[in-house]
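Please examine the structure shown below.

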Amino acid sequence: VFPTSAISLHAVWVQVNAPPKVGEERVNEWDPALEAAPHGRSPPPSTVSRRDVALDPWPDVEDEGWNEDEEAVPPHLLGANW
């Protein structure tokens, strides 16, 4: 376990329309109280999609092959030393 001062977030990689793979989580509900916020600050309001998928379904997206060279599980679950 590391102290807070030893942790630094350098980047976040977000893939659009990338479904979770084995070992990755999909969050169906979110508690805003769990948001990370600086000391003394309150969490930001939740972002909620107001789309009615019955009237406006999500479009089908062609797989562009972004993950073709990747393992079936995320690297942190492979157990290998990098």
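**Briefing on a predicted model**

The count of salt bridges comes to one, a salt bridge being a side-chain nitrogen of Lys or Arg within 4 Å of a carboxyl oxygen of Asp or Glu. This is a predicted model, in which local features need pLDDT of at least 70, side-chain atom pairs count only at pLDDT 80 or more, and totals for chains, interfaces and linings use all residues. Residues are numbered from 1 along each chain as its sequence is written, and side-chain values use heavy atoms, without hydrogens and water.

**Chain as a whole**

- The chain has zero helices and zero strands, where helices (H or I, at least four residues) and strands (E, at least two) are DSSP runs.
- Of its 82 residues, 2% count as buried (under 20% relative accessible area; exposed means over 50%, partly exposed in between; 1.4 Å probe, protein chains only).

**Salt bridge**

- Arg51 pairs with Asp56 in a salt bridge, with 3.4 Å between the closest N and O atoms.
- Arg51 counts as partly exposed because its relative accessibility is 31%; Asp56 is also partly exposed, at 39%.

**Surface patches**

- Patches consist of residues with over 30% relative accessible area and no salt bridge, joining like charges within 9 Å and nonpolar side chains (Val, Leu, Ile, Met, Phe, Trp, Tyr) within 5 Å.
- Glu62, Asp63, Glu64, Glu68 and Asp69 form a surface patch of negative charge (Asp and Glu count as negative).
- Glu68 counts as exposed because its relative accessibility is 66%.
- Leu9, Val12 and Val14 make a nonpolar surface patch of about 360 Å².
- Val14 has a relative accessible area of 66%, so this residue is exposed.

Methods
Areas by Shrake-Rupley, 256 points an atom, 1.4 Å probe, with all protein chains shown as cover. Charge placed at Lys NZ, Arg CZ, Asp CG, Glu CD.
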